[in-house]
Amino acid sequence: MRGEYVGSDGVAVTADLEIADRQLSRLSLTARSAGAGDAGEERLAPVVAALTGLAADVDVRTMTGIIEKVWPGSAGGLATSIAIAVRRAARGTTSWGDLTFDVIGPVNLPVATHVALDQVIADDVRAGRRNPTFRIWEWDDPAVVIGSFQSVRNEVDPDNAAKYGFGVVRRISGGGAMFMPPGTCITYSLTVPGSLTEGLSFEQSYAFLDAWVLDALAAVGVRARYLPLNDIASDKGKIGGAAQRRFVDGTVLHHVTSAYAMDMGLLAQVLRLGREPISKKGTASANKWVDPMCSQTTMSRDQVMASFLASFTSRYRCVEAGYSDDQLGRAAELVRTKFAADEWTYRVP
């Protein structure tokens, strides 16, 4: 079985192994860096020897400690990358190349419908009714989309939200509030089987699932990097933020909203960032300076979205797809019964 992982340092680790008597067997490792070449079999030999014979269900933390002990030079991330690759191999995980993605370009729908589609598509991916799915949102209704564990009272100024026509929608994933005036940001959702992120912590899976978008941003002239836990940032500030929902069977819903252009004055009026919380319950949004993409690129928002689609489809195996009538119907029913209902939107987590 094979497991692969590329760490934040850019080192790509591949682990090949067999499992015999519930133990790791016939293990081989490669570690390659674009800038520094291969780690070399001699340097990896002590690691192979130390891991061979461990229980097949050994966890990443345990393996990381063993690797750092036998190869002190691996501390600082490489040991973890090796442990993740071995863990992924032992669990029979999938890689990006094993999957075919349904790709759906921008379709103008209400924000609440997009939030409902996150649930509908995740249900379909979990049931095997559709491929893992990458889709870009489009909408024309101003909205604030809050995380599943947030309090509306803490995040939104109700008077100013009403004054400027902003609705409030609660999504099924965690994370902070998304300020979404039409035409000002780029939002995409990615729904994948849990086997793709097996062995990764939440923090590691954020960077893993968004590795492609850093290249996509570079292609449009935006220099960006990933900042733990879940921020995409330039040298001047935050460009975008990610949020996730992991379902019981392991399926992952991952989405990102990135600022293309932003009226910070309007944001400060509609959101309560930096203000004293009204409720002690609910996860607070981080108060961070936003650096929108338009400060670094002359491309239009439509051009940037097209570039994102081109980057994703050129990197992975994809088929063009759309929303079926059944999916839109189920999403509409979820909006009616859940996402437009005060019981869901204004619940106190």
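**Note on the predicted model: cores, aromatic pairs and domains**

1. Phe-308, leaving aside its neighbours within four places in sequence, is in contact with Ile-136, Ile-186, Tyr-188, Trp-212, Val-213, Ala-216, Leu-217 and Met-293, where contact means heavy atoms within 4.5 Å. The model is a predicted one, in which local features need pLDDT of at least 70 and side-chain atom pairs count only at pLDDT 80 or more, while totals for chains, interfaces and linings use all residues. Residues are numbered from 1 along each chain as its sequence is written, and side-chain values use heavy atoms, with hydrogens and water left out.

2. Phe-308 also belongs to the largest nonpolar core, which has 63 residues, and together with Ile-82 and Val-86 it touches the most other members. Such a core is a set of buried Ala, Val, Leu, Ile, Met, Phe, Trp, Tyr and Cys residues joined through side-chain atoms within 4.5 Å; buried means under 20% relative accessible area, exposed over 50%, and partly exposed in between, with a 1.4 Å probe and protein chains only. Helix α3 (residues 78–90) gives this core its largest share, nine residues, and helices (H or I, at least four residues) and strands (E, at least two) are DSSP runs, numbered from the N terminus. Domain 1 (2–93) and domain 2 (97–346) each supply at least three residues to this core. A second, separate core of 28 residues includes Ile-104, Leu-109, Val-120 and Phe-247.

3. The chain is divided into domain 1 (2–93) and domain 2 (97–346), with bounds that come from an automatic or database domain assignment. The centres of the two domains, taken over C-alpha atoms, are separated by 33 Å, and eight residues of domain 1 are in contact with nine residues of domain 2.

4. The structure holds 15 aromatic pairs; rings of Phe, Tyr and Trp (its six-membered ring) pair if their centres lie within 6.5 Å, and planes under 30 degrees apart count as stacked, over 60 as edge-to-face and the rest as tilted. Phe-101 and Phe-312 have ring centres 5.3 Å apart and planes at 85°, so this pair is edge-to-face. Because Phe-101 lies in strand β5 (residues 100–108) and Phe-312 in helix α10 (residues 301–315), the pair ties together parts that are 211 residues apart in sequence. Both Phe-101 and Phe-312 are buried.

5. Phe-134 and Trp-212 form an edge-to-face aromatic pair, with 5.3 Å centre to centre and 90° between the planes. This pair links distant parts of the chain, since Phe-134 is in strand β6 (residues 133–138) and Trp-212 is in helix α8 (residues 211–219), 78 residues apart. Phe-134 and Trp-212 are both buried, and they belong to one aromatic cluster whose members include Phe-101, Phe-308 and Phe-312.

6. The charged end of Arg-301 sits over the ring of Trp-139, 5.5 Å from its centre, which in this note requires NZ of Lys or CZ of Arg to be within 6 Å of the ring centre and within 35 degrees of the ring normal. Lys-338 lies over the face of Trp-344, at 4.4 Å from the ring centre.

7. Leu-266, which is found in helix α9 (residues 264–270), counts as buried because its relative accessibility is 18%. Not counting residues up to four places away in sequence, Leu-266 touches Tyr-164, Phe-166 and Phe-179.
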